[in-house]
Amino acid sequence: MMRILGVLGLLVALYAGLVGTYIQNAPASEPSARTQARVKSNLVDVANEQGRYGVITLGAALVIITGGIDLSIGAVVGCAAVFFGVLLESGVPPLPAVLLVLVGGGLVGLGNGLLITRLKLQPFLVTLCGMFVYRGVARLLAGQVSRPKSLDAHPEFAESLQSLRYALIGKDSTGELVFPAQFIVLVVLAVIVGFFLHRTAYGRYWYAIGHNELAAKYAGINVNRQRVSVYVLCSMFAALAGVLLFLDMPSIQSDSGGLYLELYAILGAVLGGCSLRGGEGHALGMVLGAMVLPILQSLVSIRGLKSDVIPAVIGLTLLFGTIVDEFLRRRSRWNR
C-alpha cells in the first residue's frame with residue numbers, strides 16, 4: 001500500500017507540474033477559456049497514451065508476479081500492428097482481424113511459456129530471442145503498413161474500421177481525439193485482471209508461484225500450466241496494444257513499431273509495486289505505474305527538454321525500484 005501511495009503522490013506532482021507548464025506557456029493574449037480547453041485537450045491526449053502503455057503493463061506485471069520476465073513485449077506489439085494491417089489489406093474484415101491478431105498473440109505467449117516450462121529455459125533468454133524473432137517476422141510481413149493504404153485496398157471496410165477506431169481510440173472521422181478510449185480499455189482490463197488476482201484461486205496460484213515455486217508445487221499447484229497461462233495473457237495484451245497502435249498512428253514501421261515498449265511495461269509494473277523477484281503486485285498499482293511515463297514524456301516535451309533524458313530516467317527508475325525492493329525484502333527478513 002505504501003508503494004501505491006508513493007506513486008499516487010508522484011502522479012499528483014507530475015500532473016500539477018504539467019498543468020502549470022501548460023498555463024505558463026500559454027500566450028498572454030489568449031483567453032482563459034481557450035487556455036483551459038487546450039489544457040483539457042492535452043490531458044486527454046496524455047490519458048489516451050497512458051491507456052496503451054497500461055495495457056502492456058498489465059501483461060508484464062502478471063508475468064513478473066509469477067517470477068518471470070518478458071522482453072519480447074515491444075516486438076509483439078510491433079508485429080501485431082503490422083499483422084493487423086496485412087490482414088486488412090488481404091481482405092479480412094476489421095473485427096475478425098482483431099480476433100486473429102489476439103489469437104496470434106496468444107500463440108506467441110504459448111510458445112514462450114512452453115519453452116520456459118517444458119524445456120526449462122530461462123525466461124530472460126527465451127523472450128530476448130523472441131524479441132528478435134518477432135521483429136524479423138514483422139519485417140517479413142511488410143516493410144511499412146499504413147492505415148490509408150489499408151483503406152484504399154478495401155474501401156468497404158472504411159466505416160467499420162472507423163467505428164472500431166472510435167470505440168478503441170476515441171478519434172472521430174477527422175482524426176480528432178474526442179475522448180480517451182484507450183484509457184477506458186485499460187480500466188476495463190484492469191478491473192478484470194484485479195478480479196482474477198485478488199478474488200480467484202488463479203491469483204493466489206500466481207502469487208504463490210512468485211513467492212516460492214517449490215512450495216507451490218508441494219501445495220498441489222500445476223506451476224507449469226499457470227506459468228504458460230500468464231505468458232499467453234501477456235502476449236495477448238501486447239497484441240491488443242499492437243491493434244491500438246495501428247488504429248492510432250497514420251503508419252507503422254515494421255522495424256521500430258513498439259520499440260522499447262517492453263522496458264516501459266516493466267517500468268510501469270515496478271513503479272506500481274511489482275517486485276522483480278515475484279510474488280507481489282496490485283492491479284491498482286499497475287494502472288498508476290503505467291500512468292507515470294506518458295506524463296513525464298509530455299512534461300519533457302512541453303518544457304523543451306531533450307527527449308534523450310527519458311531512457312536515463314527509465315534506467316534510474318528501474319535501478320531505484322530494484323534497490324527499494326531488495327531493501328524491503330531484507331527488512332522483512334530482519335523483522336521475522
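# Reading helices, loops and burial

Mentor: Start with Tyr260, which is partly exposed, at a relative accessible area of 48%. Bear in mind that this is a predicted model.

Trainee: Where is Tyr260 found?

Mentor: Tyr260 sits in the loop between β2 (251-253) and α12. Ser256 is found in that loop between β2 and α12 too. Ser256 is partly exposed, with a relative accessible area of 36%. Leu58 and Ser256 are separated by 198 residues in sequence and by 22 Å in space, C-alpha to C-alpha.

Trainee: What is the phi of Tyr260?

Mentor: The general idea comes before the case. Most residues other than glycine have a negative phi. Tyr260 is not a glycine, yet its phi is positive, at about 70°. Lys120 is another residue other than glycine with a positive phi, near 60°.

Trainee: Is Lys120 buried or exposed?

Mentor: Lys120 has a relative accessible area of 54%, and the cut-off for exposed is over 50%, so Lys120 counts as exposed. Its place is in the loop between α4 and α5.

Trainee: Let us move on to α5. How many residues does helix α5 have, and what does it reach from its first C-alpha to its last?

Mentor: Helix α5 (residues 123-141) has 19 residues and reaches 26 Å, close to the 27 Å expected at 1.5 Å a residue.

Trainee: Which residues of α5 are buried?

Mentor: The general idea is about direction. An α-helix has 3.6 residues a turn, so residues three or four places apart point the same way. In α5, the buried residues are Pro123, Val126, Thr127, Gly130, Met131, Tyr134, Arg135 and Ala138. They pack against α3 (73-89), α4 (94-117), α11 (223-248) and α12 (261-271).

Trainee: Take Tyr134 from that list. What does Tyr134 touch?

Mentor: Leaving out residues up to four places away in sequence, Tyr134 touches Ser72, Ala75, Val76, Cys79, Val108 and Asn112. Tyr134 has a relative accessible area of 15%, under the 20% cut-off for buried, so Tyr134 is buried. Val76 is 58 residues away from Tyr134 in sequence, but the C-alpha atoms of the two are 6.1 Å apart.

Trainee: Which residues touch the most other members of the largest nonpolar core?

Mentor: In soluble globular proteins, nonpolar side chains tend to be buried together. Here the largest nonpolar core has 91 residues, and Phe84 and Leu247 touch the most other members. Helix α11 gives the most to this core, with 13 residues. Phe84 touches Pro94, Ala97, Val98, Val101, Leu161, Leu164, Val243, Phe246 and Leu247, not counting residues up to four places away in sequence.

Trainee: How many residues of α13 are buried?

Mentor: In α13, 16 of the 20 residues are buried, so this helix is largely enclosed by the rest of the structure. Helix α13 covers residues 283-302 and reaches 30 Å from its first C-alpha to its last, close to the 28 Å expected at 1.5 Å a residue.

Trainee: What does Ile4 touch?

Mentor: Ile4 touches Gly272, His282, Leu284, Gly285 and Leu288, again not counting residues up to four places away in sequence. Ile4 has its place in helix α1 (residues 2-24). It counts as buried, at 9% relative accessibility.

Trainee: At what angle do the axes of α8 and α9 cross?

Mentor: The axes of α8 (residues 181-199) and α9 (residues 201-211) come within 5 Å and cross at roughly 75°. That makes α8 roughly perpendicular to α9. Phe196, Leu197 and His198 of α8 make the contact with Tyr202, Gly203, Arg204, Trp206 and Tyr207 of α9. By type, the residues of this contact divide into five nonpolar, two polar and one charged.

Trainee: One more residue. Is Ala216 buried or exposed?

Mentor: Ala216 is buried, with a relative accessible area of 2%. It lies in helix α10 (residues 213-218). Setting aside neighbours within four places in sequence, Ala216 is in contact with Ala208, Ile209, Ile221 and Val223. Ala37 and Ala216 are 179 residues apart in sequence and 53 Å apart in space, C-alpha to C-alpha.

Conventions. Residues are numbered from 1 along each chain as its sequence is written. This is a predicted model: local features need pLDDT of at least 70, side-chain atom pairs count only at pLDDT 80 or more; totals for chains, interfaces and linings use all residues. Side-chain values use heavy atoms; hydrogens and water are left out. Axes are lines fitted to C-alpha atoms, for helices over the stretch in contact, and angles run from 0 to 180 degrees between N-to-C directions. Helices (H or I, at least four residues) and strands (E, at least two) are DSSP runs, numbered from the N terminus. Angles under 35 degrees count as roughly parallel, over 145 as roughly antiparallel, 65 to 115 as roughly perpendicular and the rest as oblique. Contact means heavy atoms within 4.5 Å. Ala, Val, Leu, Ile, Met, Phe, Trp, Tyr, Cys and Pro count as nonpolar, Asp, Glu, Lys and Arg as charged, and the others, Gly among them, as polar. The expected span of a helix is 1.5 Å times one less than its number of residues. Buried means under 20% relative accessible area, exposed over 50%, partly exposed in between (1.4 Å probe, protein chains only). A nonpolar core is a set of buried Ala, Val, Leu, Ile, Met, Phe, Trp, Tyr and Cys residues joined through side-chain atoms within 4.5 Å.
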